[in-house]
Amino acid sequence: MSSISTQTVALLQQLIRIESINPSASAQGSGEQKIAEFLEAFCRERNLPYEYQEVTDGRSNFFTWVPGQDSSKRVLFISHMDRVPVDDWEADPFSPEEGKGGYMAAVLVTIRARWPRC
């Protein structure tokens, strides 16, 4: 695995370990705040600009911009920071375990992203 892939997997594992259950779906959910704080620290360490957009108390959107080589071209990736309740999981849903050809964790089941929008 290349160093970039190793770094990407390590980042994803760190994100999976953070509880971010949607509080409107489960009383045990704390929402996206911990993920947003993690992303804020990640961006600060790399001197990347970032912004919060408060949606409701304790639940916000998080934005960052990564400069590219050509400022006339842009790609937008959209995803979400919360996850589904984990009541019925047999394995630890916050422990990304490598298995048959990939990783399994609660967050990986719910990842939704819209690919390039320009």
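**Entry 1: aromatic pairs.** I looked for aromatic pairs in this predicted model and found that the structure holds three of them. I started with Tyr50 and Phe62, whose rings are stacked. Their centres lie 5.8 Å apart, and I noted 10° between the planes. Next I checked where these two residues sit. Tyr50 belongs to strand β1 (residues 50–56) and Phe62 to strand β2 (residues 59–64). The two partners are 12 residues apart, and the pair links distant parts of the chain.

**Entry 2: buried or exposed?** I then looked up how accessible each partner is. Phe62 has 15% relative accessibility and therefore counts as buried, since the cut-off for buried is under 20%. Tyr50 comes out at 25%, so I put it down as partly exposed.

**Entry 3: another partner for Phe62.** How are the rings of Tyr52 and Phe62 arranged? I found an edge-to-face pair, with 5.5 Å centre to centre and 80° between the planes. The angle is over 60 degrees, which is why the pair counts as edge-to-face. Tyr52 lies in strand β1 and Phe62 in strand β2, so this pair ties together parts that are 10 residues apart in sequence. I also checked Tyr52 for accessibility: at 28%, this residue counts as partly exposed.

**Entry 4: putting the rings together.** Which residues form one aromatic cluster? I wrote down Tyr50, Tyr52 and Phe62.

**Entry 5: a charge over a ring.** Last, I turned to Phe42. I found Arg46 lying over the face of this ring, at 3.6 Å from the ring centre.

Methods:
Residues are numbered from 1 along each chain as its sequence is written. This is a predicted model: local features need pLDDT of at least 70, side-chain atom pairs count only at pLDDT 80 or more; totals for chains, interfaces and linings use all residues. Side-chain values use heavy atoms; hydrogens and water are left out. Rings of Phe, Tyr and Trp (its six-membered ring) pair if their centres lie within 6.5 Å; planes under 30 degrees apart count as stacked, over 60 as edge-to-face and the rest as tilted. Helices (H or I, at least four residues) and strands (E, at least two) are DSSP runs, numbered from the N terminus. Buried means under 20% relative accessible area, exposed over 50%, partly exposed in between (1.4 Å probe, protein chains only). A charge sits over a ring if NZ of Lys or CZ of Arg is within 6 Å of the ring centre and within 35 degrees of the ring normal.
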